[in-house]
Amino acid sequence: MNRIDIKVGTFLALRQVRHASFLTTALIISVMTLTFLNLVVVNGILVGLVKTNANNKFYSGDVIVSPLREKSFIERSADIVRMAEAQNGVVAVSARYIESGRLEANYKTRLRQTDLINDAGGQIVGINPDDEDMVTQLSSKIIEGSYLEEGDYDQILVGSDLLFKYAQIDSPGVKTLRDTEAGSKVRLVIGDIEREVTIKGVVKAKVGEVDSRIFMIDNQLRSLINRFDYNVDEISIRLEPGADASVVKQALIDAGFDKKAKVLLADEAKPKFLQDVEKTFGLMGNLIGSIGLVVASITIFIVIFVNALTRRKFIGILKGIGISSRAIEFSYVIQSLFYAGCGTLIGLFVVYGILKPYIDVNPINFPFSDGILFVPISGTMLRVLTLMITTIIAGYLPAKLIVRQNTLNAILGR
Amino acid sequence: MSNIIEVTNITKSFKDGDRVTEVLKGVSFSVPKGQFVAIMGRSGAGKSTFLYQLGLLDHPTSGELMLDGVDILKLKSEERTRFRLERLGYVFQDYALLPDLTAIENVVLPLLMQNVPDDIAYEKSKQALMRVGLEKRMYSLSNKLSGGEQQRVSIARSIAHDPKILFADEPTANLDSESSENVISIFKELHKQGQTIVMVTHEADYGKITDRTVLLADGVIIEDTINAHS
Ligand SMILES: Nc1ncnc2c1ncn2[C@@H]1O[C@H](COP(=O)(O)OP(=O)(O)OP(=O)(O)O)[C@@H](O)[C@H]1O
Ligand SMILES: [Mg+2]
């Protein structure tokens with residue numbers, strides 16, 4: 001391939017594209033657009049299912065402090081909270097008391113000892129509702145009833161996973177409360193302490209940690225279990241968007257709090273299974289993407305092949321008047337790049353101009369996740385590059401197949 | 001050696017399964033520079049097949065072929081393409097223009113392929129189109145032209161690079177009498193300027209304007225006459 005081949009090839013490609021029928025061009029470009037979307041969006045949704053950052057947003061905050069392994073609470077909790085609140089970029093800090101307990105729903109109607117207990121176990125979490133809301137937007141995750149307020153005496157929030165209504169599982173290991181919803185009275189049991197409470201609201205954040213908890217006002221829980229040392233079991237810290245969480249973590253460690261508690265970034269605290277699920281979905285996305293790429297190359301191959309086949313006579317004429325095979329092949333490569341390029345541009349616009357902004361505002365409502373569209377520019381560019389390379393090959397091969405045929409036969413249509 | 005075409009005992013046969021059809025059965029033929037030759041014969045005589053061999057659109061089964069002093073059959077396929085591009089012109093019966101290109105683009109394309117600079121190439125193409133009287137339709141898409149006009153574009157394309165030999169296969173077969181006359185007068189004019197031309201034709205009349213008439217029948221030359229007028 002030399003300069004003249006490129007020049008003549010481009011000359012031919014430009015004129016062929018310019019004089020191609022609008023309908024054909026539109027059809028080919030829309031096929032390319034769909035191919036591109038298939039390549040980028042399917043993967044983006046799959047990975048977006050798990051890359052929602054929900055764990056950070058609705059549970060851990062940007063930095064989470066939890067007890068050391070051998071301790072049952074965080075020592076010097078109040079100092080940690082005070083220090084965290086003083087850090088640059090920190091928006092809110094939520095300190096949570098946590099006790100294991102259980103809820104009983106049919107304690108009034110259950111007459112005999114042998115009647116089945118309608119109950120469910122979970123962690124009872126004492127929170128300051130305002131702090132908690134600033135850290136995890138918990139109030140926005142109420143799907144029934146309403147959020148807690150300071151001073152609510154015998155009111156609780158229940159995670160949706162604890163209610164049969166929302167989690168239709170009832171295996172011996174995992175029990176859920178039947179016939180229970182916002183407004184129901186239930187018995188809260190912590191060890192041998194019992195109190196009758198009302199379910200004020202139901203929480204569903206699609207984060208396992210949150211959806212299996214029972215929330216109540218922190219000082220209510222403290223008085224219920226007679227705990228007055230103000231040492232809590234979990235501290236979540238929320239930063240301004242863009243603020244560096246590792247700076248805050250480091251500040252807490254430098255102050256020596258790592259001797260008193262585990263200080264982790266959101267990602268470090270993410271449960272292992274979530275990380276595995278992310279990897280799995282990423283892998284699946286790539287797998288489907290690879291299939292998409294194969295489909296894309298076959299599509300381009302067929303389009304260029306049909307295009308070249310219908311122009312077999314003209315390819316013969318070109319060869320007959322002395323145009324080099326390489327120039328003709330190059331003209332088809334340029335054409336396929338043109339189609340793929342247009343498809344890609346439209347696809348990029350659809351993804352970043354329409355789909356992503358829309359889904360960012362209206363996440364896709366999957367049962368276990370509010371899916372976002374995870375389409376980082378770098379990944380997309382890699383796909384664009386792969387698509388272009390594929391296009392060059394898939395455009396070149398069919399052109400070569402036709403160009404290789406006997407010139408005279410092509411001209412005479414034999 | 002003044003013969004620009006020197007053909008020795010060329011044969012061409014086609015295989016179709018076990019059947020072998022011998023279309024050219026040993027044709028020898030030479031043309032001096034500047035001669036205007038008409039090749040005639042019945043349909044199926046092998047005229048087109050013969051011209052394809054001469055015009056390097058096909059490859060003979062056996063024989064020798066010298067064009068412009070070059071032993072063609074010793075060339076590699078790429079060199080043959082190059083030779084055809086630079087030194088030969090070929091006018092097809094059905095014009096063989098590229099529909100996506102305008103008249104002038106059709107003409108300029110082989111020149112661009114020869115690495116002629118754009119301005120010179122377009123200038124030469126304009127001149128070629130003027131010679132065939134088409135300067136007014138230069139920028140029309142070729143498939144929007146009439147048959148006669150298309151054939152003239154095809155001629156312009158084949159002469160724009162000043163070929164050593166111009167081949168034409170029944171250039172007037174698809175044209176009405178007026179367009180035919182027009183085309184033939186172009187050939188006459190080219191001939192006057194010294195162009196070597198080999199033209200396949202059905203029209204016995206054209207014997208009046210050519211230097212020589214070669215009659216093909218069943219794959220061999222059965223008659224070769226120098227026409228009296230020249
Ligand atoms: N590719 C081929 N395969 C088989 N036979 C062929 C092939 N090309 C030509 N022929 C045969 O060779 C013979 C001569 O064909 P050719 O086209 O050269 O005739 P022609 O003299 O140009 O006729 P016409 O005046 O009709 O154009 C015909 O009988 C044709 O069937
Ligand atoms: Mg013929």
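**View 1. The second largest cavity of this predicted model has a lining drawn from chains A and B.** From chain A, the residues that line it are A:L12, A:Q16, A:R311, A:F314 and A:L318. From chain B come B:L98, B:P99, B:D100 and B:L101. Two elements give two or more residues to this lining: helix 1 (3-19) and helix 11 (312-320), both of chain A. Sorted by class, the lining of the second largest cavity has six nonpolar residues, one polar residue and two charged ones.

**View 2. The largest cavity is lined by residues of chains A and B.** How many cavities of 30 Å³ or more does a search of the whole structure find? There are three, and the largest of the cavities has about 130 Å³ of space. Chain A brings A:G320 and A:I321 to its lining. The residues from chain B are B:G55, B:R84, B:L85, B:L88, B:G89, B:Y90, B:P110, B:R157, B:S158 and B:H161. Within chain B, helix 2 (77-87), strand 6 (88-91) and helix 5 (147-159) each supply at least two lining residues. Which of the elements gives the most? That is strand 6 of chain B, with three residues. The lining of the largest cavity divides into five nonpolar, five polar and two charged residues.

**View 3. Ligand 1 sits between chains A and B.** Here we turn to the ligand and its surroundings. Ligand 1 has 13 residues around it, and those that come nearest are B:S43, B:G44, B:K47, B:S48 and B:T49. Helix 1 (residues 47-54) of chain B gives the most to this shell, with three residues. By class, the shell around ligand 1 is made of six polar, four charged and three nonpolar residues.

**View 4. Oxygen atoms of ligand 1 meet B:S43, B:G44 and B:T49.** This view looks at individual atoms. In the side chain of B:S43, an N or O atom is 2.5 Å from an oxygen atom of ligand 1. A polar side-chain atom of B:T49 also lies 2.5 Å from a ligand oxygen.

**View 5. The largest pocket has a lining to which helices of chain A, together with a strand and a helix of chain B, contribute.** This pocket holds about 880 Å³ of space. Its lining has 33 residues, and the closest to the pocket centre are A:K319, A:S325, A:T407, B:S77 and B:T81. In chain A, helix 1, helix 12 (325-361), helix 13 (377-403) and helix 14 (407-412) each supply at least two lining residues. By class, the lining of the largest pocket has 13 charged, 11 polar and nine nonpolar residues.

**View 6. The second largest pocket has A:A54, A:K206, A:V207, A:F368 and A:S369 nearest its centre.** This pocket has about 580 Å³ of space, and 33 residues line it. The elements that give two or more residues to the lining belong to chain A. They are helix 2 (22-50), helix 3 (54-60), helix 6 (208-211), helix 10 (272-310) and strand 12 (369-371). The lining of the second largest pocket divides into 16 nonpolar, 11 charged and six polar residues.

**View 7. Strand 6 of chain A pairs with strand 2 and with strand 7 of chain A.** We finish with a set of strands. Strand 2 (residues 90-104) and strand 6 (residues 185-190) of chain A pair in the antiparallel sense over three bridges. In one of these, A:L103 has A:L188 as its partner. Strand 6 of chain A is also joined by six bridges to strand 7 (residues 193-203) of chain A, and these two run antiparallel. A:I190 stands opposite A:I193 of strand 7. Strands 6 and 7 of chain A form a hairpin with two residues between them. In its turn, A:G191 has a positive phi of about 60°.

Methods. Residues numbered from 1 in each chain as written. Chains lettered and ligands numbered in written order. Predicted model: local features only at pLDDT ≥ 70, side-chain atom pairs only at ≥ 80, totals over all residues. Heavy atoms only, no water. Near = heavy atom within 4 Å. Polar contact = N/O pair within 3.5 Å; in protein donor to acceptor, adjacent residues only side chain to side chain. Helix = DSSP H or I, 4+ residues; strand = E, 2+ residues; numbered from the N terminus. Nonpolar A, V, L, I, M, F, W, Y, C, P; charged D, E, K, R; others polar. 1 Å grid on protein atoms, 1.4 Å probe; cavity = no way out; pocket = protein on both sides within 12 Å on 5 of 7 lines; lining within 4 Å. Points joined across faces, edges and corners; volume = space filled by probe spheres on them. Pairing = 2+ DSSP bridges.
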